[in-house]
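Work through the exercises below with the sequence and the structure in view, and try each task before reading its solution.

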Amino acid sequence: MATTLNHKTSNLGSIIPQRRDAILSGWLRDMLGSTRRTDLMKESELQTQCQQFLSLLEKATSQSTNTQSAVYEPLREMLSDVSRTRALQGFSARETATFIFSIKQPLFTAIREILGKDAETMADEMWLTTEIVDGLGLYTTEAYLKTREETIRRQQEEMLELSTPVVKLWEGILALPLIGTLDSARTQVVMESLLEAIVQTNSKVAIIDITGVPTVDTVVAQHLLKTVTAARLMGADCIISGVRPQIAQTIVHLGINLLDITTKATLSDAFSIAIQRAGFKFFRPQKRESAEEK
Amino acid sequence: MEKIPILRMGEFLLVTIQVDMHDRLAMTLQDDLTNRISETGAKGVLIDISSLEIVDSFIGRMLGNIASMSRVLDAQTVVVGMQPAVAITLVELGMSLQGVRTALNVDAGMELLRNSVNGHEASEYGSYFH
Amino acid sequence: MAVISTETLKVVSEADIVTVRRCVRESAATLGFSLVDQTKVVTAASELARNTLIHGQGGQMELATLNGPRVGIRLIFEDKGPGIPDIDLALRDGFTTGSGLGLGLGGAKRLVNEFAVQSRVGEGTKVTVTRWK
(Lines give C-alpha, C1' and ligand atoms only; values in the text may rest on other atoms or scores of the structure.)
Protein backbone atom coordinates (compact mmCIF):
# COMPACT_ATOMS: atom_id res chain seq x y z
CA MET A 1 0.00 0.00 0.00
CA ALA A 2 1.45 3.33 -0.96
CA THR A 3 2.16 5.68 1.88
CA THR A 4 1.16 9.13 0.76
CA LEU A 5 1.94 10.48 4.17
CA ASN A 6 1.28 14.11 3.54
CA HIS A 7 -2.23 13.41 2.53
CA LYS A 8 -2.99 11.10 5.40
CA THR A 9 -4.16 12.58 8.61
CA SER A 10 -2.97 11.37 11.91
CA ASN A 11 -5.41 10.32 14.58
CA LEU A 12 -3.08 11.49 17.32
CA GLY A 13 -5.15 14.62 17.65
CA SER A 14 -7.95 12.54 19.09
CA ILE A 15 -5.87 9.77 20.67
CA ILE A 16 -3.76 12.03 22.85
CA PRO A 17 -6.61 13.68 24.75
CA GLN A 18 -8.07 10.23 25.47
CA ARG A 19 -4.87 8.90 26.99
CA ARG A 20 -3.04 12.05 28.09
CA ASP A 21 -2.18 11.04 31.64
CA ALA A 22 -1.05 7.58 30.65
CA ILE A 23 1.14 8.91 27.88
CA LEU A 24 2.71 11.49 30.19
CA SER A 25 3.49 9.07 32.98
CA GLY A 26 4.75 6.47 30.53
CA TRP A 27 7.00 9.04 28.90
CA LEU A 28 8.40 10.33 32.18
CA ARG A 29 8.98 6.80 33.39
CA ASP A 30 10.88 5.91 30.22
CA MET A 31 13.13 8.89 30.71
CA LEU A 32 13.94 7.80 34.23
CA GLY A 33 17.26 6.26 33.37
CA SER A 34 20.14 8.28 32.02
CA THR A 35 18.19 11.01 30.36
CA ARG A 36 16.47 12.35 33.40
CA ARG A 37 19.58 14.02 34.83
CA THR A 38 17.90 15.28 37.97
CA ASP A 39 21.21 16.92 38.72
CA LEU A 40 20.64 19.27 35.82
CA MET A 41 16.88 19.67 35.77
CA LYS A 42 14.13 19.54 38.37
CA GLU A 43 11.42 16.96 37.90
CA SER A 44 8.68 19.58 37.97
CA GLU A 45 10.39 21.46 35.19
CA LEU A 46 10.60 18.32 33.11
CA GLN A 47 6.93 17.56 33.70
CA THR A 48 5.94 21.02 32.51
CA GLN A 49 8.01 20.60 29.36
CA CYS A 50 6.40 17.24 28.62
CA GLN A 51 2.91 18.56 29.14
CA GLN A 52 3.57 21.52 26.92
CA PHE A 53 5.04 19.32 24.23
CA LEU A 54 2.14 16.95 24.31
CA SER A 55 -0.51 19.62 23.87
CA LEU A 56 1.43 21.25 21.07
CA LEU A 57 1.76 17.85 19.43
CA GLU A 58 -1.95 17.25 19.78
CA LYS A 59 -2.73 20.52 18.05
CA ALA A 60 -0.23 20.08 15.24
CA THR A 61 -1.03 16.49 14.38
CA SER A 62 -4.71 17.22 13.96
CA GLN A 63 -3.79 19.52 11.09
CA SER A 64 -0.81 17.94 9.38
CA THR A 65 1.77 15.20 9.46
CA ASN A 66 4.53 17.23 7.85
CA THR A 67 6.90 18.29 10.62
CA GLN A 68 8.52 20.86 8.37
CA SER A 69 5.30 22.72 7.65
CA ALA A 70 4.18 25.96 9.25
CA VAL A 71 1.68 24.07 11.40
CA TYR A 72 4.57 22.64 13.38
CA GLU A 73 6.25 26.01 13.97
CA PRO A 74 5.16 26.31 17.64
CA LEU A 75 6.51 22.81 18.28
CA ARG A 76 9.79 23.57 16.54
CA GLU A 77 10.15 26.77 18.50
CA MET A 78 9.63 24.92 21.74
CA LEU A 79 12.12 22.27 20.75
CA SER A 80 14.67 24.94 19.78
CA ASP A 81 14.36 26.39 23.25
CA VAL A 82 14.54 23.00 24.90
CA SER A 83 17.65 21.97 22.95
CA ARG A 84 19.33 25.29 23.45
CA THR A 85 18.73 25.23 27.18
CA ARG A 86 19.89 21.65 27.48
CA ALA A 87 23.02 22.29 25.46
CA LEU A 88 23.91 25.16 27.74
CA GLN A 89 23.01 23.17 30.84
CA GLY A 90 25.35 20.40 29.87
CA PHE A 91 23.09 17.64 28.61
CA SER A 92 24.66 15.44 25.96
CA ALA A 93 23.27 15.20 22.42
CA ARG A 94 21.89 11.73 23.13
CA GLU A 95 20.20 12.86 26.32
CA THR A 96 18.58 15.77 24.53
CA ALA A 97 17.32 13.71 21.61
CA THR A 98 16.03 10.98 23.89
CA PHE A 99 13.64 13.52 25.37
CA ILE A 100 11.72 13.28 22.10
CA PHE A 101 12.32 9.72 21.08
CA SER A 102 11.18 8.23 24.35
CA ILE A 103 7.66 9.47 23.68
CA LYS A 104 7.24 6.84 21.00
CA GLN A 105 6.58 3.90 23.31
CA PRO A 106 3.78 5.51 25.33
CA LEU A 107 2.20 6.82 22.12
CA PHE A 108 2.30 3.36 20.57
CA THR A 109 0.69 1.93 23.68
CA ALA A 110 -2.12 4.45 23.45
CA ILE A 111 -2.57 3.78 19.73
CA ARG A 112 -2.74 0.05 20.34
CA GLU A 113 -5.33 0.47 23.05
CA ILE A 114 -7.58 2.67 20.94
CA LEU A 115 -7.09 1.39 17.41
CA GLY A 116 -6.15 -2.19 18.28
CA LYS A 117 -9.21 -3.65 16.66
CA ASP A 118 -8.35 -2.35 13.19
CA ALA A 119 -4.91 -3.72 12.35
CA GLU A 120 -4.47 -1.73 9.18
CA THR A 121 -5.38 1.64 10.69
CA MET A 122 -3.26 0.87 13.71
CA ALA A 123 -0.24 0.07 11.55
CA ASP A 124 -0.75 3.24 9.51
CA GLU A 125 -1.01 5.34 12.64
CA MET A 126 2.11 3.85 14.16
CA TRP A 127 4.03 4.57 11.00
CA LEU A 128 2.78 8.14 10.83
CA THR A 129 3.65 8.64 14.47
CA THR A 130 7.13 7.26 13.89
CA GLU A 131 7.65 9.68 11.02
CA ILE A 132 6.47 12.63 13.06
CA VAL A 133 8.49 11.83 16.16
CA ASP A 134 11.60 11.08 14.10
CA GLY A 135 11.26 14.38 12.26
CA LEU A 136 10.96 16.26 15.53
CA GLY A 137 13.83 14.33 17.04
CA LEU A 138 16.09 15.25 14.14
CA TYR A 139 15.11 18.87 14.45
CA THR A 140 15.95 18.80 18.14
CA THR A 141 19.37 17.34 17.44
CA GLU A 142 20.10 19.96 14.82
CA ALA A 143 19.12 22.77 17.18
CA TYR A 144 21.30 21.25 19.88
CA LEU A 145 24.28 21.07 17.55
CA LYS A 146 23.83 24.67 16.50
CA THR A 147 23.97 25.83 20.09
CA ARG A 148 27.12 23.83 20.69
CA GLU A 149 28.72 25.32 17.60
CA GLU A 150 27.88 28.82 18.81
CA THR A 151 29.46 28.10 22.17
CA ILE A 152 32.62 26.75 20.62
CA ARG A 153 32.88 29.72 18.29
CA ARG A 154 32.50 32.12 21.16
CA GLN A 155 35.14 30.31 23.17
CA GLN A 156 37.51 30.44 20.23
CA GLU A 157 37.02 34.17 19.93
CA GLU A 158 37.73 34.65 23.59
CA MET A 159 40.88 32.60 23.32
CA LEU A 160 42.02 34.63 20.37
CA GLU A 161 41.58 37.83 22.29
CA LEU A 162 43.47 36.52 25.27
CA SER A 163 46.39 35.47 23.12
CA THR A 164 47.14 38.88 21.64
CA PRO A 165 48.39 41.07 24.46
CA VAL A 166 49.80 44.47 23.56
CA VAL A 167 52.56 45.75 25.81
CA LYS A 168 53.64 49.34 26.33
CA LEU A 169 57.42 49.37 26.24
CA TRP A 170 57.94 53.07 26.59
CA GLU A 171 56.15 56.34 26.11
CA GLY A 172 54.73 56.03 22.64
CA ILE A 173 56.20 52.59 21.91
CA LEU A 174 54.15 49.41 21.88
CA ALA A 175 55.18 45.80 21.51
CA LEU A 176 52.95 43.08 20.15
CA PRO A 177 54.44 39.61 20.64
CA LEU A 178 52.67 37.24 18.29
CA ILE A 179 52.57 33.63 19.36
CA GLY A 180 51.21 30.89 17.17
CA THR A 181 49.93 30.85 13.64
CA LEU A 182 48.58 33.99 12.07
CA ASP A 183 45.43 33.15 10.15
CA SER A 184 42.89 35.63 8.89
CA ALA A 185 40.62 35.37 11.93
CA ARG A 186 43.56 35.96 14.24
CA THR A 187 44.76 38.86 12.12
CA GLN A 188 41.44 40.63 12.58
CA VAL A 189 41.70 40.31 16.35
CA VAL A 190 45.36 41.35 16.29
CA MET A 191 44.59 44.44 14.23
CA GLU A 192 41.77 45.46 16.52
CA SER A 193 43.85 45.01 19.68
CA LEU A 194 46.83 46.85 18.24
CA LEU A 195 44.88 49.77 16.86
CA GLU A 196 42.89 50.22 20.06
CA ALA A 197 46.14 50.21 22.02
CA ILE A 198 47.67 52.77 19.65
CA VAL A 199 44.79 55.13 20.28
CA GLN A 200 44.73 54.61 24.01
CA THR A 201 48.47 55.00 24.56
CA ASN A 202 49.02 57.63 21.89
CA SER A 203 51.80 55.52 20.43
CA LYS A 204 53.80 56.30 17.34
CA VAL A 205 55.74 53.08 17.05
CA ALA A 206 54.66 49.46 17.34
CA ILE A 207 57.09 46.55 17.41
CA ILE A 208 55.54 43.34 16.14
CA ASP A 209 57.60 40.43 17.35
CA ILE A 210 57.20 37.26 15.34
CA THR A 211 59.60 35.03 17.25
CA GLY A 212 56.65 32.89 18.26
CA VAL A 213 55.22 32.54 14.78
CA PRO A 214 56.32 29.13 13.49
CA THR A 215 56.08 29.65 9.74
CA VAL A 216 56.09 32.74 7.63
CA ASP A 217 54.82 32.12 4.13
CA THR A 218 53.13 34.42 1.63
CA VAL A 219 49.81 34.18 3.46
CA VAL A 220 51.26 35.07 6.85
CA ALA A 221 53.29 37.84 5.25
CA GLN A 222 50.09 39.24 3.77
CA HIS A 223 48.48 39.25 7.18
CA LEU A 224 51.48 41.01 8.67
CA LEU A 225 51.38 43.51 5.86
CA LYS A 226 47.71 44.19 6.55
CA THR A 227 48.39 44.81 10.20
CA VAL A 228 51.28 47.15 9.48
CA THR A 229 49.27 49.05 6.88
CA ALA A 230 46.35 49.49 9.25
CA ALA A 231 48.65 50.87 11.94
CA ARG A 232 50.24 53.24 9.45
CA LEU A 233 46.89 54.52 8.32
CA MET A 234 46.40 55.64 11.87
CA GLY A 235 49.77 57.28 12.08
CA ALA A 236 51.84 54.65 13.85
CA ASP A 237 54.90 53.08 12.32
CA CYS A 238 55.69 49.39 12.69
CA ILE A 239 58.91 47.48 13.10
CA ILE A 240 58.94 43.72 12.78
CA SER A 241 61.32 41.92 15.10
CA GLY A 242 62.17 38.29 15.66
CA VAL A 243 63.03 37.68 12.05
CA ARG A 244 65.13 34.56 12.17
CA PRO A 245 67.59 33.78 9.36
CA GLN A 246 65.31 31.03 8.06
CA ILE A 247 62.45 33.48 7.80
CA ALA A 248 64.66 35.97 5.99
CA GLN A 249 65.53 33.23 3.53
CA THR A 250 61.88 32.26 3.06
CA ILE A 251 60.91 35.86 2.43
CA VAL A 252 63.52 36.30 -0.26
CA HIS A 253 62.87 32.87 -1.69
CA LEU A 254 59.14 33.45 -2.01
CA GLY A 255 59.67 36.91 -3.38
CA ILE A 256 57.58 38.45 -0.63
CA ASN A 257 57.66 42.21 -0.81
CA LEU A 258 57.65 43.76 2.62
CA LEU A 259 57.69 47.23 1.10
CA ASP A 260 59.78 49.42 3.31
CA ILE A 261 58.93 47.89 6.64
CA THR A 262 61.94 47.72 8.91
CA THR A 263 62.69 44.23 10.11
CA LYS A 264 65.11 43.24 12.82
CA ALA A 265 66.34 39.97 14.23
CA THR A 266 65.98 40.86 17.87
CA LEU A 267 63.52 42.79 19.96
CA SER A 268 66.28 44.88 21.46
CA ASP A 269 67.50 46.01 18.04
CA ALA A 270 63.96 46.91 17.17
CA PHE A 271 63.62 48.78 20.43
CA SER A 272 66.70 50.94 19.70
CA ILE A 273 65.20 51.98 16.41
CA ALA A 274 61.82 52.56 18.00
CA ILE A 275 63.37 54.85 20.59
CA GLN A 276 64.94 56.96 17.88
CA ARG A 277 61.77 57.17 15.90
CA ALA A 278 59.72 58.10 18.88
CA GLY A 279 62.07 61.00 19.39
CA PHE A 280 64.03 59.86 22.42
CA LYS A 281 67.72 59.63 23.13
CA PHE A 282 69.39 57.72 25.91
CA PHE A 283 72.43 59.06 27.67
CA ARG A 284 74.74 57.21 29.94
CA PRO A 285 75.66 59.83 32.51
CA GLN A 286 79.37 60.69 32.73
CA LYS A 287 80.95 59.95 36.06
CA ARG A 288 82.65 63.27 36.50
CA GLU A 289 80.43 65.86 34.89
CA SER A 290 76.84 66.33 35.91
CA ALA A 291 74.65 64.15 33.84
CA GLU A 292 72.31 65.26 31.12
CA GLU A 293 69.56 62.83 30.89
CA LYS A 294 67.36 62.74 27.88
CA MET B 1 25.64 74.68 -1.38
CA GLU B 2 27.39 73.43 1.71
CA LYS B 3 31.11 73.62 1.80
CA ILE B 4 33.64 72.20 4.19
CA PRO B 5 35.41 75.10 5.90
CA ILE B 6 39.17 75.47 5.41
CA LEU B 7 40.93 77.24 8.23
CA ARG B 8 44.24 78.97 7.93
CA MET B 9 46.81 78.64 10.70
CA GLY B 10 49.93 80.52 9.74
CA GLU B 11 51.49 78.71 6.84
CA PHE B 12 49.23 75.71 7.24
CA LEU B 13 45.67 74.94 6.25
CA LEU B 14 43.42 72.96 8.51
CA VAL B 15 40.38 71.00 7.37
CA THR B 16 38.06 69.12 9.69
CA ILE B 17 35.69 66.72 7.96
CA GLN B 18 32.72 66.07 10.17
CA VAL B 19 29.93 65.19 7.82
CA ASP B 20 29.25 62.12 5.78
CA MET B 21 30.22 63.68 2.46
CA HIS B 22 28.46 62.92 -0.74
CA ASP B 23 30.75 62.56 -3.72
CA ARG B 24 30.28 66.07 -5.07
CA LEU B 25 31.12 67.65 -1.74
CA ALA B 26 34.33 65.64 -1.68
CA MET B 27 35.27 66.83 -5.15
CA THR B 28 34.51 70.40 -4.13
CA LEU B 29 36.80 70.04 -1.15
CA GLN B 30 39.55 68.78 -3.38
CA ASP B 31 39.22 71.79 -5.64
CA ASP B 32 38.87 74.29 -2.82
CA LEU B 33 41.94 73.01 -1.03
CA THR B 34 44.09 73.08 -4.11
CA ASN B 35 42.99 76.63 -4.83
CA ARG B 36 43.63 77.78 -1.28
CA ILE B 37 47.11 76.26 -1.21
CA SER B 38 47.90 78.04 -4.41
CA GLU B 39 46.43 81.35 -3.21
CA THR B 40 48.05 81.33 0.21
CA GLY B 41 51.30 79.59 -0.59
CA ALA B 42 50.57 77.28 2.33
CA LYS B 43 53.33 74.84 3.20
CA GLY B 44 51.14 72.23 4.76
CA VAL B 45 47.63 70.83 4.94
CA LEU B 46 46.22 68.98 7.92
CA ILE B 47 43.07 66.99 7.32
CA ASP B 48 41.30 65.85 10.46
CA ILE B 49 39.15 62.81 9.82
CA SER B 50 38.64 61.80 13.44
CA SER B 51 34.88 62.24 13.03
CA LEU B 52 34.64 60.21 9.86
CA GLU B 53 33.09 56.86 10.53
CA ILE B 54 33.23 55.76 6.93
CA VAL B 55 36.04 56.14 4.45
CA ASP B 56 35.27 54.30 1.22
CA SER B 57 37.38 54.06 -1.91
CA PHE B 58 36.07 57.38 -3.20
CA ILE B 59 37.05 59.33 -0.11
CA GLY B 60 40.30 57.39 0.03
CA ARG B 61 41.10 58.42 -3.49
CA MET B 62 40.18 62.00 -2.66
CA LEU B 63 42.69 62.01 0.19
CA GLY B 64 45.32 60.58 -2.09
CA ASN B 65 44.58 63.18 -4.75
CA ILE B 66 44.81 66.00 -2.26
CA ALA B 67 48.20 64.73 -1.10
CA SER B 68 49.48 64.46 -4.67
CA MET B 69 48.21 67.83 -5.78
CA SER B 70 49.54 69.53 -2.66
CA ARG B 71 52.95 68.02 -3.24
CA VAL B 72 53.02 69.49 -6.71
CA LEU B 73 52.29 72.85 -5.09
CA ASP B 74 55.12 72.21 -2.63
CA ALA B 75 52.95 71.58 0.37
CA GLN B 76 52.85 68.60 2.72
CA THR B 77 49.60 66.87 3.60
CA VAL B 78 48.94 64.98 6.79
CA VAL B 79 45.75 63.07 7.50
CA VAL B 80 45.05 62.63 11.20
CA GLY B 81 42.70 60.80 13.47
CA MET B 82 41.65 57.83 11.40
CA GLN B 83 39.40 55.63 13.52
CA PRO B 84 40.55 52.03 14.09
CA ALA B 85 37.47 50.52 12.49
CA VAL B 86 38.01 52.70 9.44
CA ALA B 87 41.67 51.71 9.19
CA ILE B 88 40.82 48.03 9.38
CA THR B 89 38.14 48.42 6.73
CA LEU B 90 40.34 50.41 4.37
CA VAL B 91 43.02 47.78 4.60
CA GLU B 92 40.50 45.07 3.82
CA LEU B 93 39.25 47.14 0.88
CA GLY B 94 42.78 47.10 -0.43
CA MET B 95 43.56 50.77 0.00
CA SER B 96 46.84 51.65 1.64
CA LEU B 97 46.73 55.37 0.82
CA GLN B 98 50.27 55.39 -0.43
CA GLY B 99 51.72 58.85 -0.56
CA VAL B 100 49.54 60.10 2.24
CA ARG B 101 51.19 60.92 5.54
CA THR B 102 49.24 60.12 8.63
CA ALA B 103 49.37 60.94 12.30
CA LEU B 104 47.38 59.94 15.33
CA ASN B 105 45.84 63.32 16.11
CA VAL B 106 45.99 67.04 15.37
CA ASP B 107 48.91 67.64 17.75
CA ALA B 108 51.02 64.89 16.24
CA GLY B 109 50.02 66.04 12.78
CA MET B 110 51.00 69.64 13.40
CA GLU B 111 54.34 68.53 14.81
CA LEU B 112 54.91 66.46 11.69
CA LEU B 113 54.11 69.41 9.46
CA ARG B 114 56.23 71.87 11.40
CA ASN B 115 59.20 69.53 11.43
CA SER B 116 58.98 68.72 7.78
CA VAL B 117 58.71 72.37 6.89
CA ASN B 118 61.69 73.21 9.07
CA GLY B 119 63.63 70.31 7.67
CA HIS B 120 63.87 68.51 11.00
CA GLU B 121 63.12 65.08 9.66
CA ALA B 122 64.93 63.30 12.48
CA SER B 123 62.33 63.28 15.20
CA GLU B 124 59.52 62.18 13.02
CA TYR B 125 59.68 59.02 11.12
CA GLY B 126 55.96 59.26 11.13
CA SER B 127 54.27 56.95 8.80
CA TYR B 128 55.26 58.16 5.44
CA PHE B 129 55.44 55.67 2.70
CA HIS B 130 56.20 56.47 -0.87
CA MET C 1 16.34 31.92 6.66
CA ALA C 2 13.94 34.20 8.51
CA VAL C 3 13.72 37.68 7.09
CA ILE C 4 12.69 40.17 9.72
CA SER C 5 12.22 43.14 7.47
CA THR C 6 13.06 44.45 4.04
CA GLU C 7 13.46 47.91 2.71
CA THR C 8 14.09 49.12 -0.80
CA LEU C 9 16.00 52.30 -1.57
CA LYS C 10 16.46 53.92 -4.93
CA VAL C 11 20.02 54.56 -6.01
CA VAL C 12 19.84 57.20 -8.70
CA SER C 13 21.81 60.11 -7.32
CA GLU C 14 24.86 60.84 -5.19
CA ALA C 15 22.64 61.80 -2.29
CA ASP C 16 21.19 58.29 -2.44
CA ILE C 17 24.62 56.82 -1.71
CA VAL C 18 24.68 58.79 1.53
CA THR C 19 21.17 57.56 2.33
CA VAL C 20 22.26 54.01 1.67
CA ARG C 21 25.13 54.39 4.13
CA ARG C 22 22.90 55.83 6.79
CA CYS C 23 20.27 53.17 6.33
CA VAL C 24 22.68 50.25 6.42
CA ARG C 25 24.41 51.77 9.43
CA GLU C 26 21.13 52.01 11.33
CA SER C 27 20.18 48.43 10.57
CA ALA C 28 23.59 47.06 11.49
CA ALA C 29 23.64 49.04 14.71
CA THR C 30 20.15 47.93 15.64
CA LEU C 31 21.09 44.31 15.07
CA GLY C 32 24.02 44.76 17.41
CA PHE C 33 26.91 44.41 14.97
CA SER C 34 30.34 45.25 16.35
CA LEU C 35 31.72 48.64 15.33
CA VAL C 36 34.22 47.10 12.96
CA ASP C 37 31.60 44.90 11.32
CA GLN C 38 29.24 47.86 11.01
CA THR C 39 31.94 49.87 9.30
CA LYS C 40 32.72 47.02 6.95
CA VAL C 41 29.17 46.44 5.78
CA VAL C 42 28.41 50.16 5.43
CA THR C 43 31.58 50.67 3.41
CA ALA C 44 30.74 47.71 1.19
CA ALA C 45 27.28 49.17 0.67
CA SER C 46 28.81 52.50 -0.29
CA GLU C 47 31.07 50.87 -2.84
CA LEU C 48 28.30 48.81 -4.38
CA ALA C 49 25.83 51.69 -4.40
CA ARG C 50 28.33 53.82 -6.25
CA ASN C 51 28.82 51.05 -8.78
CA THR C 52 25.09 50.80 -9.29
CA LEU C 53 24.91 54.54 -9.82
CA ILE C 54 27.92 55.09 -12.01
CA HIS C 55 28.41 51.86 -13.89
CA GLY C 56 24.86 50.62 -13.71
CA GLN C 57 23.38 54.01 -14.56
CA GLY C 58 21.11 53.93 -11.56
CA GLY C 59 19.14 51.22 -9.83
CA GLN C 60 18.06 50.19 -6.38
CA MET C 61 19.15 48.46 -3.22
CA GLU C 62 17.09 46.06 -1.18
CA LEU C 63 18.08 45.70 2.45
CA ALA C 64 16.90 42.68 4.40
CA THR C 65 17.57 42.00 8.05
CA LEU C 66 17.91 38.29 8.76
CA ASN C 67 17.33 36.44 12.00
CA GLY C 68 17.24 32.73 12.01
CA PRO C 69 19.26 30.88 12.68
CA ARG C 70 21.97 33.52 12.19
CA VAL C 71 21.61 37.27 12.52
CA GLY C 72 22.72 39.30 9.55
CA ILE C 73 22.11 41.86 6.83
CA ARG C 74 21.61 41.07 3.19
CA LEU C 75 21.91 43.72 0.51
CA ILE C 76 20.85 43.30 -3.10
CA PHE C 77 21.98 45.90 -5.59
CA GLU C 78 20.23 45.80 -8.93
CA ASP C 79 20.48 47.86 -12.05
CA LYS C 80 19.51 47.63 -15.71
CA GLY C 81 22.75 49.05 -16.96
CA PRO C 82 25.31 47.81 -19.45
CA GLY C 83 26.34 44.82 -17.35
CA ILE C 84 29.83 43.52 -16.61
CA PRO C 85 31.53 41.77 -19.54
CA ASP C 86 34.22 39.99 -17.51
CA ILE C 87 33.20 39.33 -13.93
CA ASP C 88 36.42 37.55 -13.00
CA LEU C 89 38.44 40.53 -14.13
CA ALA C 90 36.20 42.88 -12.20
CA LEU C 91 36.71 40.87 -9.03
CA ARG C 92 40.42 40.77 -9.30
CA ASP C 93 42.47 43.47 -7.64
CA GLY C 94 45.80 43.41 -5.90
CA PHE C 95 45.96 44.14 -2.22
CA THR C 96 48.63 46.78 -2.45
CA THR C 97 47.55 48.59 -5.60
CA GLY C 98 44.77 50.46 -3.89
CA SER C 99 44.27 52.62 -6.93
CA GLY C 100 40.60 51.80 -6.76
CA LEU C 101 40.05 52.54 -10.38
CA GLY C 102 38.21 49.31 -10.93
CA LEU C 103 34.69 48.55 -9.99
CA GLY C 104 35.64 48.03 -6.38
CA LEU C 105 33.90 44.67 -6.41
CA GLY C 106 36.95 42.79 -5.19
CA GLY C 107 37.30 45.12 -2.24
CA ALA C 108 33.64 44.98 -1.33
CA LYS C 109 33.79 41.20 -1.53
CA ARG C 110 36.41 41.10 1.20
CA LEU C 111 34.21 43.16 3.50
CA VAL C 112 31.28 40.76 3.50
CA ASN C 113 30.73 37.08 4.28
CA GLU C 114 28.74 36.10 1.21
CA PHE C 115 29.01 37.64 -2.20
CA ALA C 116 27.30 36.81 -5.48
CA VAL C 117 27.15 38.74 -8.72
CA GLN C 118 24.99 38.07 -11.72
CA SER C 119 25.37 40.17 -14.81
CA ARG C 120 24.42 40.14 -18.45
CA VAL C 121 25.88 42.50 -20.96
CA GLY C 122 23.20 44.86 -22.14
CA GLU C 123 20.71 43.74 -19.52
CA GLY C 124 21.97 44.65 -16.10
CA THR C 125 23.71 43.58 -12.95
CA LYS C 126 22.63 42.14 -9.62
CA VAL C 127 24.99 41.97 -6.67
CA THR C 128 23.90 40.16 -3.52
CA VAL C 129 25.98 40.41 -0.35
CA THR C 130 25.44 39.22 3.18
CA ARG C 131 27.23 40.17 6.37
CA TRP C 132 26.64 38.04 9.45
CA LYS C 133 26.86 39.41 12.93
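**Exercise 1.** Which residue of strand 5 of chain C does C:Arg74 stand opposite?

*Solution.* Before starting, note that this is a predicted model, in which local features need pLDDT of at least 70 and side-chain atom pairs count only at pLDDT 80 or more, while totals for chains, interfaces and linings use all residues. Residues are numbered from 1 along each chain as its sequence is written, and chains are lettered from A and ligands numbered from 1 in the order in which they are written.
Step 1: find the strands, bearing in mind that helices (H or I, at least four residues) and strands (E, at least two) are DSSP runs numbered from the N terminus.
Step 2: strand 3 (residues 71–79) of chain C pairs with strand 5 (residues 124–132) of chain C in the antiparallel sense over 8 bridges, where pairing requires that DSSP finds at least two bridges between two strands.
Step 3: the residue opposite C:Arg74 is C:Thr130.

**Exercise 2.** Describe how strand 2 of chain C pairs with strand 3 of chain C.

*Solution.* Step 1: strand 2 (residues 59–67) of chain C and strand 3 of chain C are antiparallel, with 9 bridges.
Step 2: within this pairing, C:Leu63 is placed opposite C:Leu75 of strand 3 of chain C.
Step 3: the hairpin of these strands has 3 residues between them, and in it C:Gly68 takes a positive phi near 145°.

**Exercise 3.** Which residues of helix 11 of chain A are buried, and what do they pack against?

*Solution.* Step 1: a residue is buried if 20 or more other C-beta atoms lie within 10 Å of its own, exposed if 12 or fewer, and partly exposed in between, with C-beta atoms placed from the backbone.
Step 2: in helix 11 (residues 267–277) of chain A, the buried residues are A:Ala270, A:Ala274 and A:Arg277.
Step 3: seen down the axis of helix 11 of chain A, these residues fall within an arc of 60° and so line one face of the helix, the arc being that of the directions from the helix axis to the C-beta atoms.
Step 4: they pack against strand 2 (173–179), strand 3 (205–212), strand 4 (237–241) and strand 5 (262–264) of chain A, where contact means C-beta atoms, placed from the backbone, within 7 Å.
Step 5: just after helix 11 of chain A, A:Gly279 has a positive phi of about 90°.

**Exercise 4.** How many residues of chain C are in contact with chain B?

*Solution.* Step 1: 25 residues of chain C are in contact with 21 residues of chain B.
Step 2: on the chain C side, helix 2 of chain C gives the largest share, 9 residues.

Key: Contact = placed C-beta atoms within 7 Å.
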